[in-house]
Amino acid sequence: MFWPDIMTVILRLLISVNFFFTKTMYCLGIDLGSTTIKYVLLDEKGTTLARKYLRHQSAVVETLRQMLSDLDKEVDIGAEGVRVLFSGSGALGLAQQVKAA
């Protein structure tokens, strides 16, 4: 099974049990792996709005920044009402860089 499919199932389950605040309109699951970055964006009903898979060539932050910029242009969701969940080997390093861990 392709990673975003697994993340989609997990996020849909969380949405179905009201894991997210009622104000949250979208859920973005991002996997920062050792060689790739993958994401899936779902709406409040669990419908997949966007997904992407890219090799980052060890440029994790730059690739993620570009992917999110492209996503912002593709889907008009704004900054409010988005719940972001990270997984993968690169997630802790990113959290430390932005002082979230």
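This text goes through the protein as a whole and then turns to one residue, His56.

The structure is a predicted model, in which local features need pLDDT of at least 70, side-chain atom pairs count only at pLDDT 80 or more, and totals for chains, interfaces and linings use all residues. Residues are numbered from 1 along each chain as its sequence is written, and side-chain values use heavy atoms, with hydrogens and water left out.

The protein has three helices and four strands, which are DSSP runs numbered from the N terminus (helices: H or I, at least four residues; strands: E, at least two). Along the sequence they come in the pattern α-β-β-β-α-β-α.

Of the 101 residues, 37% are buried, that is, under 20% relative accessible area with a 1.4 Å probe and protein chains only. The exposed surface comes to about 6,300 Å², of which carbon and sulfur atoms supply 56%; accessible areas come from the Shrake-Rupley method with a 1.4 Å probe. Among contacts (heavy atoms within 4.5 Å) with a separation of 6 or more, 56% join residues 24 or more positions apart.

His56 sits in the loop between strand E3 (48–55) and helix H2 (60–74). This residue is buried, with a relative accessible area of 4%. Leaving aside residues up to four places away in sequence, His56 touches Gly33, Ser34, Thr35, Thr36, Ile37 and Thr63.

Notes
Buried means under 20% relative accessible area, exposed over 50%, partly exposed in between (1.4 Å probe, protein chains only).
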